[in-house]
Amino acid sequence: MFTKVLIANRGEIALRIIRACKELGIKTVAVYSEADRDALHVRFADEDVCIGPASPTESYLDMQRIIAAAEVTNADAIHPGYGFLAENADFAEVCESCGITFIGPTPTQIRQLGDKVNAKELMEKAGVPCTPGSEGVVPTFEDAIGIAEEIGYPVILKAVSGGGGKGMRVCNDVSELERGFHLCTTEAANSFNNPDLYLEKFIIGPHHVEIQIIGDNHGNYFHFGERDCSIQRRHQKLIEETPSPLMTDDLRERMGEAAIRGAKMVGYQGVGTIEFLVNEKREFYFMEMNTRIQVEHPVTEEAFEVDLINDQIRVAAGEKLTYKQEDLVHKWAVIECRINAEDVEKDFRPTPGKLTGLHVPGGMGVRVDKAVYTGYSIPQYYDSMIAKLIVKAPTRELAMLKMRNALKEFIIEGVPTTIPFHEEIFEHPAFIKGEYDIAFVETRFKQKDNLK
Ligand code: MV4
């Protein structure tokens, strides 16, 4: 096992990782920017190193500074958390070459799955259902038209190096495809340094359902069911839940098995998530694979009563997983609300500032993952998520009731937050019935803002 882990992150995930390390008897090193001197991850780690100014590129994204911090503190592993350097294959490689374990998959695996066309080809080979579309990169606009005519409109153009919704365009006919092809190519070249596009049939009205998996380096693979992440806005997830309202035991087993086949195909090591689109007919299609621990991992932890960060660290240290798939049972209905410092009335604009008052909900089945406290000033430089409210109950109805009560108890003074948004969602008849898809917030959830 590691003796000292450096956490190359901040906020609630840094605290989550520090806690897991403490329970494993591992010493911790926090790194922080000048904007994070008063952050809790600095206070709770055994050691801390200031790595630079507030700007992420000069601190949490600066590989050299992070490696230097690991070397001076003699850390034997780095946990990247999510975001920042978590899916940076070059960083994983630099860690390796410095004799520091990167807690995550290998650089090759990150690279293979970060290239969306390559990932899709691998999944297809593994027998994971994929969306009909181009075989690899579409070289020209003429090729795109040919493929679109074969598979039928609407189609979606995607950047090979894209992700998180950037560099995508839906096209309903030839003229939209012509325009879209050029716009998307330019956008991809500018954003990802790679103009390559591929094309897929556009799946209408699906859920975003992702499967949590883990692999050790002894050839053992397990899945922990699904999270439904369809409640999102501009590709920012707002609510995640399990079970998915459209899940059945049979579908969970089939998606779980498909996810494991995909992971096995690359010899995947660590925790990972396979994202799928699932339509009303419960047909599922591979979207992409995330090679990191995700924000919403507590949903799975609570539903299955597992500790994914603990498992992640242990497999990175070479330990063998001792689960049996049949022992991994879905025990609870779990819902997570992301509480962001954002003004819902002003197009979800971030609202950094001082937290003058804070009351956190509690009680049975209520978990709050956060790193803020009364008097803390939320910096402007980073993500606006300040807390995750996670509730679990025997049924979805009871979990929703618990969430409504917990949201009422959650008092944050000083900055506007997304709590009022969540309160509205949990009163929405369609959401309550589980009748939603990935377009719910932007189309069917009526907000004053959306009506303009
Ligand atoms: C799609 C799709 C419909 N059909 N692919 C969005 C993020 C990126 N990972 C892929 N995305 C989509 N791919 C096909 N063939 C719809 C989306 C999509 C989406 C997916 C999940 C959650 C929110 C979304 C919002 C808009 C579009």
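The points below go from the ligand site to the strands and then to one helix.

1. Ground rules. This is a predicted model, where local features need pLDDT of at least 70, side-chain atom pairs count only at pLDDT 80 or more, and totals for chains, interfaces and linings use all residues. Residues are numbered from 1 along each chain as its sequence is written, and side-chain values use heavy atoms, with hydrogens and water left out.

2. Who sits around the ligand? Of the 16 residues around the ligand, Lys158, Glu200, Lys201, Ile203 and Glu288 come nearest (a residue is near if one of its heavy atoms lies within 4 Å). By class, that shell has seven nonpolar, five polar and four charged residues. Here Ala, Val, Leu, Ile, Met, Phe, Trp, Tyr, Cys and Pro count as nonpolar, Asp, Glu, Lys and Arg as charged, and the others, Gly among them, as polar.

3. Polar contacts (pairs of N or O atoms within 3.5 Å). Lys158 has a polar side-chain atom 2.9 Å from a nitrogen atom of the ligand, and a polar side-chain atom of Glu200 also lies 2.9 Å from a ligand nitrogen atom. For Ile203 it is a backbone N or O atom that lies 2.9 Å from a nitrogen atom of the ligand. The protein covers 89% of the 520 Å² of accessible area that the ligand has on its own (Shrake-Rupley method, 1.4 Å probe).

4. Where the shell comes from. Strands β6 (155-163), β8 (197-201) and β13 (284-290) each supply at least two shell residues; strands are DSSP runs of E, at least two residues, and helices runs of H or I, at least four, numbered from the N terminus. Domain 2 (132-201) and domain 3 (207-451) each give at least three residues to the shell, with bounds from an automatic or database domain assignment.

5. Strand β10 (residues 221-233). 13 of the 13 residues are buried, so this strand is largely enclosed by the rest of the structure (buried means under 20% relative accessible area, 1.4 Å probe, protein chains only). β10 pairs in the antiparallel sense with β9 (residues 207-215) over six bridges and with β11 (residues 236-242) over four bridges; pairing needs at least two DSSP bridges. Ile211 is bridged to Glu226, and Gln232 to Lys237.

6. Helix α10 (residues 297-304). Eight of the eight residues are buried, so the helix is largely enclosed by the rest of the structure. Just after α10, Glu305 takes a positive phi of about 55°.

Notes:
Buried < 20%, exposed > 50% of the residue type's maximum accessible area, 1.4 Å probe, protein only. Polar contact = N/O pair within 3.5 Å; in protein donor to acceptor, adjacent residues only side chain to side chain.
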